[in-house]
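Open the structure in a viewer and keep the selection tool at hand.

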Amino acid sequence: MTTSNITPEVVQAVRDASDIVDIAGSMTRLTRKGKRYEGLCPFHKEKTPSFSVDPDQGLFYCFGCGAGGDTIKLFMEHSGDDFPAAIEALAQRYGIPLAASKGSWTAPKQTLTTALEAAAEFFQQQLANSSFANQYLDRRKISSQLRKTYGLGYAPESWNLLRQALSSRIPLEDLIAAGLVGRSQRTGDPYDRFRHRLMFPIHNPAGRLVGFGGRTLGDDKAKYINTSETERFHKGSLLYGFHQAKRSLRDQGKAVLVEGYFDVLGTAASGVDWAVAGMGTALTEDQARLLARYSDEVILAYDGDAAGEKACRRALPILLGAGLAVRRARFPAGHDPDSWRLEAGDDAVQELIEDAEDAVWLEVQRQIPASSERTPVTQARAAGAIAELLGGVRDTVARGAYQRRAAEYLGVPEGALTGQRGAKNYFQSVEQETGGTPSEVRSEEEKALLMLLQEGAEVPHPSELPASEVFFDPDCRNIYVAFCDLYSGGNRTAPTGAEVVAKLSSEGNAIDRAARLLLEDFDSERGTLSDTLGKLLHRWNKQHQAELMRQIRQAQQEGDQDLLIELLDEKKALSRTLHPGMTGKVW
């Protein structure tokens with residue numbers, strides 16, 4: 001099925017036919033509670049049910065891990081399918097006919113799975129028959145049990161052996177679509193993509209085989225190669241070893257993040273079976289969010305060299321942004337978890353992981369200049385860098401503790417850190433502009449959205465609603481934009497919450513937030529919609545006023561009279577909005 005088959009009519013038919021209770025009930029045991037159903041969340045380990053399903057709205061939300069959305073999002077989260085694959089699977093499940101594909105040939109999803117599974121079986125058979133590959137694994141002390149657990153295989157040193165072995169049951173075009181076979185750019189002839197390589201099967205979070213990684217056993221300059229990108233294999237959203245480690249991640253509440261396939265095997269061989277690895281690229285936000293669904297803490301166990309240190313610093317704000325606590329396991333220079341296990345033993349790896357240090361504080365210390373180099377300029381530079389880093393710490397108590405400790409070490413007032421405005425420190429900047437705490441800012445915006453989305457709400461005409469800029473929180477702004485797009489698109493009545501969630505199909509975080517708003521019980525004494533929107537508009541006007549004052553000062557310094565007059569007129573008009581009835585000087 002190609003994306004061209006996924007028309008809005010098909011998507012809507014799938015939404016209408018899909019039963020969210022049926023889907024959720026196949027993942028976890030549900031109990032009816034009034035109009036809704038509750039159960040243990042299928043996405044994270046918990047003892048008390050926090051997973052809520054609303055059949056009337058067709059929405060789900062977990063008050064524990066924050067996952068939420070509609071039926072399609074629920075199916076995607078559990079299966080690991082992308083949007084086209086989820087639509088196809090749900091259409092088949094509920095008998096929705098799909099239009100035949102037109103244009104270029106695309107292998108159906110099931111044939112891709114068949115091709116990958118057949119290749120995995122072939123690679124495993126080849127490993128069993130290859131003394132060379134097994135001797136290599138023996139030297140690296142990878143046990144037969146680990147080889148089986150992770151499904152290791154071997155691609156023989158041949159340009160066509162895989163194709164020949166599977167030709168009787170797998171069409172060539174299926175092997176190409178699955179990323180197993182390529183075509184020569186010069187002649188167009190097909191060839192086996194993996195040759196003389198140890199093979200690592202790669203699964204999506206639901207356990208479905210989606211591709212392979214191959215480590216050369218010869219002198220190929222490309223030490224590692226992966227399956228070419230397919231409809232199912234996206235390196236930025238996958239973690240090697242996640243499928244095998246998923247249960248331990250939930251039990252431990254933490255993950256060890258390493259750099260390579262053998263680091264996962266070596267860490268598991270050391271008795272730490274909750275290790276996962278990226279796919280040869282820098283850590284992505286999708287991968288961090290996946291880890292956050294199953295754990296509260298990540299231990300970075302990257303290589304003990306300059307490149308490993310740089311990778312840790314790059315990963316830190318991404319992991320903090322996902323709400324994870326982060327520690328750093330410090331391996332000796334030139335070593336990674338696998339090489340250190342081979343040199344120092346399993347216990348040595350476990351010890352370094354257990355003794356992992358607070359990664360945030362390590363980075364704070366790195367920014368603090370030595371006493372001999374400390375000047376007002378270096379202190380200011382360090383304060384800015386530290387404030388930007390700490391702005392990514394979601395927990396306000398932890399962030400405050402870091403700020404106090406860092407200010408003491410740096411020798412500056414605590415306000416020198418809390419007053420900085422780093423690019424990633426969104427909520428801190430909002431706190432400056434509004435004088436409120438982050439939670440108060442969020443709740444005011446969420447209250448406005450809740451009143452807009454509630455059934456039977458009296459919503460002003462679209463032309464009377466404020467601009468989206470009054471919402472500072474990006475997720476709340478995305479929800480509001482989706483609401484306004486639907487409302488101003490010819491609808492005579494305000495859209496329902498379920499319609500807004502459907503509109504947000506490509507906005508993962510905003511879907512989670514919208515689902516929580518619609519399923520969470522809020523205090524009924526929350527004021528009126530008009531008052532709440534008025535507060536948001538007033539807050540934005542005050543922020544805009546401060547920005548205008550900055551631009552006015554700059555125009556004065558630069559002697560730009562035309563711009564200065566324009567800015568003063570705009571400032572005057574804005575001041576009348578903020579202070580009705582005010583006359584005279586406005587700045």
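Does Lys-141 count as buried or exposed, and at what relative accessibility? Select Lys-141: at 53% relative accessibility it counts as exposed, where exposed means over 50% relative accessible area, buried under 20% and partly exposed in between (1.4 Å probe, protein chains only).

Before going on, note that this is a predicted model, in which local features need pLDDT of at least 70, side-chain atom pairs count only at pLDDT 80 or more, and totals for chains, interfaces and linings use all residues. Residues are numbered from 1 along each chain as its sequence is written, and side-chain values use heavy atoms, with hydrogens and water left out.

Stay at Lys-141, in the loop between helix 6 (131-139) and helix 7 (144-149). Helices (H or I, at least four residues) and strands (E, at least two) are DSSP runs, numbered from the N terminus. Phi of Lys-141 is positive, near 55°, and the residue is not a glycine.

Next, select His-196, in the loop between strand 8 (190-192) and strand 9 (197-203). Its phi is also a positive value in a residue other than glycine, near 50°. His-196 counts as buried, at 14% relative accessibility.

Now select helix 13, residues 306-321. Its 16 residues reach 24 Å from first C-alpha to last, close to the 22 Å expected at 1.5 Å a residue; the expected span is 1.5 Å times one less than the number of residues. Centre on Ala-315, where a kink of about 30° lies shortly before Pro-317. The bend at a residue is the angle between axes fitted to the seven residues ending there and the seven starting there. Ala-315 is also one of the buried residues of helix 13, which include Gly-308, Cys-312 and Leu-316. Show what covers these buried residues: among them are helix 12 (285-294), strand 15 (325-328) and helix 17 (376-390). Just after helix 13, Gly-323 has a positive phi of about 85°.

Which residues make the contact (heavy atoms within 4.5 Å) between helix 13 and helix 16? From helix 13 they are Arg-313, Leu-316 and Leu-320, and from helix 16 Ala-359, Val-360, Glu-363 and Arg-366.

Finally, select the whole protein chain, with its 26 helices and 16 strands. Of its 587 residues, 49% count as buried. Residues 24 or more positions apart account for 64% of the contacts with a separation of 6 or more.

Methods. Contact = heavy atoms within 4.5 Å.
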